[in-house]
Amino acid sequence: MGTPEFPNLGKHCFVEDCKRIDFLPFTCDTCRQVFCLDHRSYTQHNCPRANKQDVTVVVCPLCAKGVRLIPEEDPNITWEAHVNTECDPSNYEKATKKRKCPVPGCRELLTFSNTIKCRDCNVDHCLKHRFGPDHKCPGPTKPESGFLFTNFLTRTRRDAPNPNSKGQATTSSTWARLVNAASSVRASAEASMAKLSTDFTQVVQSKDREGQGRSGTGDEACPQCDARFSSVTALVDHVKRVHENGTNRTGARKVSVDVCPKCSRGFRDPVSLVEHVEKDHGGSSRS
């Protein structure tokens, strides 16, 4: 067997009626014997341990799960162990029922490759009805109200017992008082929030106007505090509100402003107003 250069090359087939020399023999993975090309399969050489590599699975009619039969073990024992340990009849409908597209009239089965989940309603649909208008999508869910008592009032009104029943008269009166108390608390809270919002808006607007007047870059300047304003009207309001009303302040003095009838520009000195009219308006003060 073999050659002088390769003395171990080739082996005889283990089958008694064959004994052929095969230079590329096959070794059975169960009985570990060597066979030729014609006798390499389990059935051709009648392998006594061929059933150890068999995988037989039966489907349980109760839970639709696969049960693997163990080689060299009675199938009845394997079946009884499955029924007593992992058999769940509630899984039968889930495993056997085929999902379909929920759109009325659509019979398309939902599989791995043709299932699309809508981002708004989170419901699986087929490819044909994947867009919102095709399956009449209600849209994204609206966020719940931020008021604390809204859901409580809705639930108490829905769950409140019928006041006409005789056996629940005491419970009805208790629920009515509770609902009235919650309603009054809600109304009071809403009124307080509305008043607080109005006051806050007024304060912010007042601060903005005052800040714009003090830090403005207008042409009109206050003679006492050097605050600049973009118009004479804003300057007059500032003088009346800050300086004329605060006469008790140290160093405060009353200031009068003359307004040009043509361009509404203000002047502290009447002579400056006359010079302005003659220079800029040709000497006419008519508007």
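**Salt bridges and other features**

Mentor: Let us begin with a charged pair: Asp124 forms a salt bridge with Arg99, and their closest N and O atoms are 2.9 Å apart. The two residues come from distant parts of the chain, with Asp124 in strand S8 and Arg99 in the loop between H2 and S7, 25 residues apart. Please keep in mind that this is a predicted model.

Trainee: Is Asp124 buried or exposed?

Mentor: Asp124 is buried, because its relative accessible area is 18% and the cut-off for buried is under 20%.

Trainee: How many salt bridges does a search of the whole structure find?

Mentor: The search finds four. One of them is between Arg20 and Asp38, where the closest N and O atoms are 3.2 Å apart. This pair also links distant parts of the chain: Arg20 is in the loop between S1 and S2, Asp38 is in the loop between strand S4 (34–35) and S5, and they are 18 residues apart.

Trainee: What is the exposure of those two, Arg20 and Asp38?

Mentor: Arg20 counts as partly exposed at 44% relative accessibility. Asp38 is partly exposed as well, with a relative accessible area of 41%.

Trainee: And which salt bridge involves Arg186?

Mentor: The side chain of Arg186 meets that of Glu190, at 3.2 Å from N to O. Both residues belong to helix H4 (residues 169–214); they are four residues apart, so about one helical turn separates them. Arg186 is partly exposed, with a relative accessible area of 27%, and Glu190 counts as partly exposed at 41%.

Trainee: Let me change topic. How many disulfides does a search of the whole structure find?

Mentor: The search of the whole structure finds zero disulfides. Take Cys60 as a case: the nearest cysteine sulfur belongs to Cys63 and is 3.7 Å away, and Cys60 is in no disulfide.

Trainee: Is Cys60 buried or exposed?

Mentor: Cys60 counts as buried, because its relative accessibility is 1%. Another cysteine, Cys260, is buried with a relative accessible area of 2%.

Trainee: Next, strands. How many bridges join S5 to S6?

Mentor: Four bridges join strand S5 (residues 56–59) to strand S6 (residues 66–69), and the two strands run antiparallel. Within this pairing, Val57 stands opposite Arg68 in S6. The two strands form a hairpin with six residues between them, and Ala64 in the turn has a positive phi of about 65 degrees.

Trainee: Where does Lys19 lie, and what is its phi?

Mentor: Lys19 lies in the loop between strand S1 (11–12) and strand S2 (21–22). Its phi is positive, about 55 degrees, although Lys19 is not a glycine. The residue counts as partly exposed, at 38% relative accessibility.

Trainee: And Asn122? Where is it found?

Mentor: Asn122 is found in the loop between strand S7 (116–117) and strand S8 (124–125). Its phi is near 60 degrees, a positive value in a residue other than glycine. Asn122 is exposed, with a relative accessible area of 53%.

Trainee: There is another asparagine, Asn114. Which side chain does it make a polar contact with?

Mentor: The side chain of Asn114 makes a polar contact with the side chain of Thr111, at 2.6 Å. It also reaches the backbone oxygen of Leu109, at 2.8 Å. Asn114 is found in the loop between helix H2 (91–96) and S7, and it counts as buried at 9% relative accessibility.

Trainee: One last topic, the surface. Which residues make the nonpolar patch?

Mentor: Phe6, Leu9, Ile21, Phe23 and Leu24 make a nonpolar surface patch of about 530 Å². Leu24 is found in the loop between S2 and strand S3 (26–27). With a relative accessible area of 69%, Leu24 is exposed.

Technical notes:
Residues are numbered from 1 along each chain as its sequence is written. This is a predicted model: local features need pLDDT of at least 70, side-chain atom pairs count only at pLDDT 80 or more; totals for chains, interfaces and linings use all residues. Side-chain values use heavy atoms; hydrogens and water are left out. A disulfide is a pair of cysteine sulfur atoms within 2.5 Å. Buried means under 20% relative accessible area, exposed over 50%, partly exposed in between (1.4 Å probe, protein chains only). Two strands pair if DSSP finds at least two bridges between them. Patches are made of residues with over 30% relative accessible area and no salt bridge: like charges are joined within 9 Å, nonpolar side chains (Val, Leu, Ile, Met, Phe, Trp, Tyr) within 5 Å. Accessible areas come from the Shrake-Rupley method with a 1.4 Å probe; for residues, only the protein chains shown count as cover. A polar contact is a pair of N or O atoms within 3.5 Å; within protein, one must be able to donate a hydrogen and the other to accept it, and residues adjacent in sequence count only if both atoms are side-chain atoms.
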